[in-house]
Amino acid sequence: FPQGFEWGLATSAYQVEGAWNEDGKGPSIWDIFVHTSGQIYMNETADVTCDSYHNYKEDVQLLRNVGVTVYRLSISWPRLMPDGTPASLNQAGVDYYNNLINELIKYNIKPLVTLYHWDLPQALQAKYGGWLNESVVDDFRNYADKCFELFGDRVKSWITHNEPHVTCSNGYEYGTFAPGINYTGFGGYMCSHNIIKSHAAVYHTYDSKYRATQGGQVGITLNINWMEPMTESSVDLDASYRALEFMLGWHGNAILDNGDYPDVMKQYIGEKSRRQGYTKSRLPEFTETEKAYNKGTFDFVGINHYGSSLISDHPDPYSKPGYLVDADTKAIDDLCWPTTLADWETVNPWGMRKILNYVKTRYNNPPIYITENGIPDNELDDETRISFYRRYMNEALKAVNDGVNLKGYVAWSLLDNFEWDYGYTIKFGVHQVNFSDPNRPRTPRKSVSAYQKIIKDNGFLEDN
């Protein structure tokens, strides 16, 4: 890989911190969801999970041992501001993140900080409906502003949102993730509209108030499968493009391109809305002023990539309203792709190269960080994970040689953790965590030594 290429590991606050109601932290929508929805495996919770709130120093030593230069973490908005506003600023939360950031800096590990990794303060969900209400834009801006003020002297890389596609489709469209809102055909698009606005507001806040003195960068992380056409027919080629635009372009187009939704989204959702009897499109519209405000609000783009899909054209002009059917496409897994312990992931390494090249071509070669990539493997001798990492990293290296402006690779994840609706059944960590022991001891898996060597060699060296 190029000189200066950055290697990292990732976690998120809700999945590893625990201490869900300690030291003044307010509840998040995920705290409420795991305690009440009945949708989590065995009704497990993240109340304690890895207990990184109390074990952060040990986690930093694990990072040191692996040899990474970057640690991607997220800030818990309700730990910092229990009611979602700076008026409720919680000093214990400020202290925790200061201590964690300082510990990382002490050992020359760069914090890559995500402001929103799905754990909205429940207070804002209850107050006005969370991401469905435009009021969240100002509240998110104010929260981010305070984070820049408190931590921006040391944090030089910020991600506004992690996977808004999941926030909106799972959380507000189909209700399978927190806050469990099933508002099919409308909720996902309303949520996304406000997330894009909030991202742009935070970017401009950093640009106008902090960039000159802090010298950092602001981006967003988008999750995307590679969408391989089922056949070489023109309809399947068009369908694969639509699928990419509906997944990556849904949020990426407004930020990375022209400030607006992709034309194909506007066309398909608009036409379907009319057939369904609505007087206007279910996809909200940006004003010209908002488009100009959205456009170009990035210093880099984060890509979370795990797998691929085979896409075919699937005309369904009179379907009921719904994000998953609005694109008139059908996605399946190739039977040749190995399955994993996660039913949403199959292994197809060359999809990594293809999606990176797509982002390069579609969005004028922006700086890219792979901010998540990984596989569940519950064994200490995790050869499946080692093979996955090496093969996907190798495809990323091919993309670099294709001219993709790839700046770093951040593997998911540092630790086994609470894996959302799977609870603790699948393990993504390069370190095993014993969740039945109150001390939550960490044990390095075999993948730690494999990743150490890749980092040391900055890629792959021929075996002697």
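Biologist: Is helix 8 (residues 164-173) largely enclosed by the rest of the structure or exposed, and how many of its residues are buried?
Modeller: Keep in mind that this is a predicted model. The buried residues of helix 8 include Pro 164, His 165, Val 166 and Thr 167, and Gly 171, Tyr 172 and Glu 173 are also among them. Helix 8 is therefore largely enclosed by the rest of the structure, and the count of buried residues is nine of the 10.

Biologist: Which residue with a positive phi follows helix 8?
Modeller: Helix 8 covers residues 164-173. Past that stretch there is a residue with phi near 75°, a positive value, and that residue is Gly 175.

Biologist: Which cysteines form a disulfide here?
Modeller: The structure holds one disulfide. A pair of cysteine sulfurs has to lie within 2.5 Å to count, and here the two sulfur atoms are 2.1 Å apart. The partners are Cys 168 and Cys 191.

Biologist: How many residues apart in sequence are the parts that this pair ties together?
Modeller: Cys 168 sits in helix 8, while Cys 191 belongs to helix 9 (residues 187-209). The bond therefore ties together parts whose separation in sequence is 23 residues.

Biologist: Is that disulfide left-handed or right-handed?
Modeller: Look at the torsion about the S-S bond of Cys 168 and Cys 191, which is about -70°. That value is why the disulfide is called left-handed.

Biologist: Are Cys 168 and Cys 191 buried or exposed?
Modeller: Residues under 20% relative accessible area count as buried. Cys 168 comes in at 0%, and Cys 191 has a relative accessible area of 0%. So Cys 168 is buried, and Cys 191 is likewise buried.

Biologist: What about Cys 147: how far is its sulfur from the closest cysteine sulfur?
Modeller: Cys 147 is buried, at 0% relative accessible area. The closest cysteine sulfur belongs to Cys 191, but it is too far for a bond, the distance being 19 Å.

Biologist: Let's move to Thr 346. Is Thr 346 buried or exposed?
Modeller: Thr 346 is in the loop between strand 9 (329-332) and helix 15 (350-362). Among the residues it touches are Tyr 306, Asp 333, Trp 337 and Tyr 392. Its relative accessibility is 5%, so Thr 346 counts as buried.

Biologist: How far apart in space are Thr 346 and Val 136?
Modeller: In sequence, Thr 346 and Val 136 are 210 residues apart. Going from C-alpha to C-alpha, their separation in space is 35 Å.

Biologist: Zooming out, how does the radius of gyration of the protein chain sit against the globule rule?
Modeller: The chain has 17 helices and 13 strands. For 464 residues the globule rule gives 23 Å, and the chain is close to that, so it is as compact as a globular protein of that length. The radius of gyration is 21 Å.

Biologist: What share of the contacts with a separation of 6 or more comes from residues 24 or more positions apart?
Modeller: For background, buried residues make up 61% of the 464 residues in the chain. As for those contacts, the share from residues 24 or more positions apart is 76%.

Biologist: And how far apart are the mean positions of the positive and negative charges?
Modeller: The chain carries 42 positive and 59 negative charges. Their mean positions are separated by 4 Å.

Technical notes: Residues are numbered from 1 along each chain as its sequence is written. This is a predicted model: local features need pLDDT of at least 70, side-chain atom pairs count only at pLDDT 80 or more; totals for chains, interfaces and linings use all residues. Side-chain values use heavy atoms; hydrogens and water are left out. Helices (H or I, at least four residues) and strands (E, at least two) are DSSP runs, numbered from the N terminus. The radius of gyration is taken over C-alpha atoms; the globule rule is 2.2 Å times the number of residues to the power 0.38. Buried means under 20% relative accessible area, exposed over 50%, partly exposed in between (1.4 Å probe, protein chains only). Contact means heavy atoms within 4.5 Å. Lys and Arg count as positive and Asp and Glu as negative; His and the chain ends are not counted. The place of a charge is taken as NZ of Lys, CZ of Arg, CG of Asp or CD of Glu. Lists of a residue's contacts leave out its neighbours within four places in sequence.
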